[in-house]
Amino acid sequence: MGDVDRLCLHGETVSAASFAALPRLAALAPACAQALELASAIVPCTFGTRRESLLAGCPNEVDRLRELVDQRLRTRPADYNRLFGDLLALAGQYHWSASMGDFTDDFYAVSCPDCEAEVTIAVGDYGSYAAIRDWDQGDTERRPLRPAQPEKLRRPKA
């Protein structure tokens, strides 16, 4: 059994010892990727539990870990998606961290903000595009996804 399994069993189950280890892991994290990974794995396990109060005892460590994960994300690492989920959890966004799923290969159904048509967003092995999905014809009118500046995006209609 490795160190990860002792402090974060099955990637979901933690104990008071897990939280007690956070200060030491946070101290090691700047120089040790494994310490950062383990500390980042512990924090999301607080979602939906009464253990959130255990994090209150180490706010500086959580802030430092969040900074370190954010710095690591800026290097575009191979494990970007996992680290992004860790960043969400470290920022207190446990729900989004837990529901994030695997953004490397998935489909999402959204409504077009202009015409309210159901649009499929594909990301992954099948490509990265938006399309109208037809039951018989598959994805029609495919359009590639393009980066956008957040300040230029419109709010969706309520």
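Contact here means heavy atoms within 4.5 Å, and helices (H or I, at least four residues) and strands (E, at least two) are DSSP runs numbered from the N terminus. With that in hand, Ser-18, Phe-19, Leu-22, Leu-25 and Leu-28 of helix 2 meet Ala-35, Leu-38, Ala-39 and Ile-42 of helix 3. This is a predicted model, where local features need pLDDT of at least 70 and side-chain atom pairs count only at pLDDT 80 or more, while totals for chains, interfaces and linings use all residues. Residues are numbered from 1 along each chain as its sequence is written, and side-chain values use heavy atoms, with hydrogens and water left out.

**The helix pair**

- Helix 2 (residues 16-28) packs with helix 3 (residues 33-42) at about 145 degrees, the axes lying 9 Å apart; axes are lines fitted to C-alpha atoms, for helices over the stretch in contact, and angles run from 0 to 180 degrees between N-to-C directions.
- The residues of this contact split into eight nonpolar, one polar and no charged, counting Ala, Val, Leu, Ile, Met, Phe, Trp, Tyr, Cys and Pro as nonpolar, Asp, Glu, Lys and Arg as charged, and the others, Gly among them, as polar.

- Four strands make an open sheet in the order 1-2-3-4, with antiparallel pairing; two strands pair if DSSP finds at least two bridges between them.
- Strand 1 and strand 4 are the edges, each pairing on one side only.
- Direction ignored, neighbouring strands are turned by 30 degrees against each other on average.
- Six bridges tie strand 1 to strand 2, and Val-110 sits opposite Val-119 in strand 2.
- The hairpin of strand 1 and strand 2 has six residues between the strands, and Glu-116 takes a positive phi near 65 degrees there.
- Strand 2 and strand 3 share three bridges, with Ile-121 partnered by Ala-130 in strand 3.
- Five residues separate strand 2 from strand 3 in their hairpin, where Gly-124 in the turn has a positive phi of about 135 degrees.

**The largest pocket**

- The largest pocket holds about 970 Å³ of space.
- Pro-113, Val-119, Ile-121, Ala-130 and Leu-145 are the closest to its centre among 25 lining residues.
- Strand 1 (106-111), strand 2 (118-123), strand 3 (129-134) and strand 4 (138-144) each give two or more residues to the lining.
- That lining divides into 17 nonpolar, one polar and seven charged residues.
- On a 1 Å grid over the protein atoms alone, a pocket is an open set of points where a 1.4 Å probe fits, with protein on both sides within 12 Å along at least five of seven lines; lining residues have an atom within 4 Å of a point.
- Grid points are joined across faces, edges and corners, and the volume is the space filled by probe spheres set on them.
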